[in-house]
Amino acid sequence: MAKRVLITGITGFAGSHLAEHLLGRGGFEIYGLYRWRSRTENIQGFKDKIELLEGDIRDAASMRHLVEKIKPDWVFHLAAQSYVPMSWKAPVETLSTNIIGEANLFEACRKAECDPSILIAGSSEEYGFVLPDEVPIAETNPLRPLSPYGVSKVTQDLLAFQYFKSYGLKVIRTRAFNHTGPRRGEVFATSNFARQIVMIEKGKQEPVICVGNLDAVRDFSDVRDIARAYTIALERCEPGEVYNICSGKGIKIRELLDMLIAQSKVDIEIKKDPARMRPSDVEFLIGDSTRFRAKTGWKPEIAFEQTLADLLSFWRERV
């Protein structure tokens, strides 16, 4: 019998790749929560194979109705305000959407006549200020978030633990480190760089790329590997526990940009843009996914060079 799966944020970056991954595996009835104004280009290729249901995680009644209708076996909670710089411009909206939205989902699951396994998509931004001797970062590392977004994800993380302990909700917490690939929103650094390169290739932009902080070190995975990890997490991980999902390798944003430019045939000047700098930035985030790998056997399968090539191809088809 097919599992009934609810994905919040299905029209987004990770959500669309997760839905596509589940469809490829087979054996799932996929339901996706979307808002009436959500853009749906990310799911156009398989929209007819899923059922979309309109709703809003910030609306408790909407979430109760949704969960009662679907009675899901699995829930992947990916809907969020996920752009870190925006969280400084709109901290209240970020906190409200991410925290209240999750509480509404939990209450809906608690009151419905179903007992789903729930994956909470946390973030490496929860770790925030990391000391040099704390790398690679394990799940036991202190949480010192440096943005309103990071604070919201820490709260989601702890709220999930509380609902597991208080009500027995089968919640699995993940902290995925940076991930990119096709369909990544253009406001995010990797996708923004790729789009600018393609604009330059096609003569629609001067051969200058505007950048923010290039010295930050991040741990990148391909979004398709992350989608696979989320699925395995609900199959094999322990409710109540928290798991890092990451490659375990750090790369400077400057090196990443150089790799993208190397895959292009144009000469490009790099120019710093003060508007792209954050009020406070995390210097380095390199994760330790030993716990997750030991529990699931997961490991990244897509080389980062391929991820960047696919990201450039994505933009070459759209610009």
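The model is predicted, so to speak of local features we need pLDDT of at least 70, and side-chain atom pairs count only at pLDDT 80 or more, while totals for chains, interfaces and linings use all residues. Residues are numbered from 1 along each chain as its sequence is written, and side-chain values use heavy atoms, leaving out hydrogens and water.

The sheet, then. Helices (H or I, at least four residues) and strands (E, at least two) are DSSP runs, numbered from the N terminus. Strands pair if DSSP finds at least two bridges between them. Three strands make an open sheet, ordered 12-9-14, with mixed pairing. Strand 12 (251–252) and strand 14 (284–285) are at the edges with a single partner strand each, so one side of each has no neighbour in the sheet. Strand 9 (residues 217–218) runs antiparallel to strand 12, joined by two bridges. Val217 is opposite Lys252 in strand 12.

Next, His179, in strand 7 (residues 179–180). Is His179 buried or exposed? His179 is buried, because its relative accessibility is 14% (buried means under 20% relative accessible area, exposed over 50%, partly exposed in between, with a 1.4 Å probe and protein chains only). A polar atom of its side chain lies 2.8 Å from the backbone oxygen of Phe177.

Last, the helices. The axes of helix 8 (residues 253–262) and helix 10 (residues 304–316) come within 10 Å, crossing at roughly 60 degrees. Axes are lines fitted to C-alpha atoms, for helices over the stretch in contact, with angles from 0 to 180 degrees between N-to-C directions. Leu256, Met259 and Leu260 in helix 8 meet residues of helix 10 including Leu308 and Leu312, where contact means heavy atoms within 4.5 Å.

Notes: Polar contact = N/O pair within 3.5 Å; in protein donor to acceptor, adjacent residues only side chain to side chain.
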